[in-house]
Amino acid sequence: MTRAVLLIGIALAIPHRANAQVAEPTKCSTLPHVLYMQVGDTQVNLLKRLGRALRDNTAQPISLAFFTSGSCVNISSFYAGSALPKSTTFQYLPSRAEDADWDADNPMHSATLSCVPDDAVVPDVGNSALFNSACTDGAAPANVQLEEGAVQAYVLAVPKASAATAITFEEAYFVFGFGMAGMIAPWTDNSQIFTRKPTTSTLLAWARNLGIPADKWALAPQQTSSQTVVDKINAGTAATIGLLGAEVYDGNRGTMNVLAYRAKGQAAAYYPDSSATARDKRNVRDGHYTVWSPTIWMDRIGNPKSVDTRYVIDLIANKPVTPAPSFEMISFIAKVGLVPDCAMAVTRDFEGGPLRLYKPTTSCTCKYESIVDTTACTACTDSCTTGVCRNGYCEDH
Amino acid sequence: MSIRSLFLALPLVFSIACGDDGNAPRDAAPEPDAASEPPCVTNPQTYQEIINACTDAVKIYKDSHPPLLNPDGTLPPLP
C-alpha cells in the first residue's frame, strides 16, 4: 500500500516538474530584420499572411512583430513617439523553416507566435483603421509619414439564429444610441448589444456614420477586442447584434450573418458584397455600402529601419516595391476582405463623409475581381485593344 | 402614348433598368411591386445618386417605422 501511494505521488509530481520547465519567451530581437508594429486588431488577418510571406521573402526578408490596440491609441502613441513597455508581448509568424505546415487558412494551424522585446521599444510602424482625423484634430508630426492602405468596411453581424437580414440607418441609431429603449426588435436586450471601446476604428466608423458620438455608446460593457465580439455573437441569441470589421466577419462567416445596411437617404439596404454569400466587396467599391474607412499606415522619417518600413507600407498600399516580393500582395489584401485603393470607384475625405466618384491612378479592378470572384475583363499578356494590360488583365486605365 | 400612360410606365422602365435579380430577400415588408419600387440612378454623380445607383447587387427593401421617430421623420436627440 505504501509503495502504491508512493508511485501515485511520483506520477502526480511529474506534470508539475514539467510545468516548472517553462521555456523562456522568444526575444523579438533574435528575429531577422524585425520591425515592431502597433496596429488595430482588424488588421491581424492581413498581417498574418504578410508576416509569413515576408519571413521567407528571400530578396528582402523581414520579421513583423505586431502588437494590437485601438486605432486612436495607436495614433496618439505614434505621433508622440511613445515606447511600448518591455513587458509587451508581440505576435510574429514562423518562417517555413521554422514551421512548414503553418497556414493562415487552417484554423487548427494558424496561430501566431509570441515574442518580447529586450527593452521598451518605440514601434517602427503604426496603424489606424480609419481616418486619423476621426481620433485627433492635430496634424501628424513632421517626421511621421502617413500612407493610405486598403479600404476596410465595417459591419453589423448577428448570430445564425437571427432572422434579421437588414437594418436601416434610423434603426441602428436607435439600437446603439438608445438600447432597449429604442424599441427596435429584435435588438431590445442591452446585454446582447456588443460594441467596442471608443478608441477603436470599429466603433468610431459606425459612430460617424450613425451620428452617435463615441461617448454615447456605453449601453453595455464595451468589448476589448474583435475576438470577444465574435465570441459573444457566436454565443448569442436572436436579440444579439455586434460591431465588427468586415475583415473579421469574413473570417467568421461560418458562424454568423452580416446585416445589409440602408444608409440615410438610401432606397434599399445592401451588403458589403453583392450578395450575402459573395466576397467581392462590390457595394463597398461602388458606393452602395457606405460604412468603410481607409486604413492608415505610419512610419517615421529618419528611422534607421526606414528601408524596411517603407517596403512593408508600400506593399500594404499595393504599390510597386524593389526588390519585387516573392508573393502577390493584392491576393493577401483581397482574400482577407480588404479592398485595395486601386479597385475603388468611390472615395471620401473624412470619416463618415459623403462618397464621391473616384478614379485611381492605375486601376486594379480586373485583377481584384479575378481573385475574389470572376472578372469579365479580357485576359492579356502584353497589350490590349482597349485599356492597359496590367497583372494579366486589360484594366480600363 | 399619352402623358398619363407615360407617367405610369416610367417606374416600370426604371425598375427594369435597375436590374434587380428578383431574388432579393425582403425584410418585414412585402416585396414592392414595380410601380412602388424607387427608381435607381443610371449615371450617378452626387452622393445621393451614388448610393441609389442602379445595380444588380442584392437589395433588401425594409419597411421600417421606429416608434421613437419624430412625426416628421427626423431623429430625436440621443438620451
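In the predicted model, helix α11 of chain A, spanning residues 365-372, has as its buried residues Thr365(A), Cys366(A), Lys367(A), Tyr368(A) and Glu369(A). The elements against which these buried residues of α11(A) pack are α10 (329-335) and β17 (393-395), both of chain A.

Three domains are assigned within chain A: domain 1 comprises residues 26-149 + 293-345, domain 2 covers 152-289, and domain 3 covers 361-397. Taken over C-alpha atoms, the centres of domain 1 and domain 2 of chain A are separated by 26 Å. To the contact between these two domains, domain 1 of chain A contributes 21 residues and domain 2 of chain A contributes 21 residues. On the side of domain 1 that touches domain 2, α3 (71-80) and β13 (292-300) of chain A supply at least two residues each. The largest share of this side comes from α3(A), with three residues. Classified by residue type, this side of domain 1 of chain A holds eleven nonpolar, nine polar and one charged residues.

The contact between chain A and chain B draws 38 residues from chain A and 25 residues from chain B. Two or more residues of the chain A side are given by each of β8 (166-168), α4 (169-178), β12 (260-262), α8 (282-286) and β15 (356-357) of chain A. Of the elements of chain A, α4(A) gives the most to the side that touches chain B, namely six residues. The composition of this side of chain A by class is 19 nonpolar, twelve polar and seven charged residues.

Note on methods
Residues are numbered from 1 along each chain as its sequence is written. Chains are lettered from A and ligands numbered from 1 in the order in which they are written. This is a predicted model: local features need pLDDT of at least 70, side-chain atom pairs count only at pLDDT 80 or more; totals for chains, interfaces and linings use all residues. A residue is buried if 20 or more other C-beta atoms lie within 10 Å of its own, exposed if 12 or fewer, and partly exposed in between; C-beta atoms are placed from the backbone. Helices (H or I, at least four residues) and strands (E, at least two) are DSSP runs, numbered from the N terminus. Two residues are in contact if their C-beta atoms, placed from the backbone, lie within 7 Å. Domain bounds come from an automatic or database domain assignment. Ala, Val, Leu, Ile, Met, Phe, Trp, Tyr, Cys and Pro count as nonpolar, Asp, Glu, Lys and Arg as charged, and the others, Gly among them, as polar.
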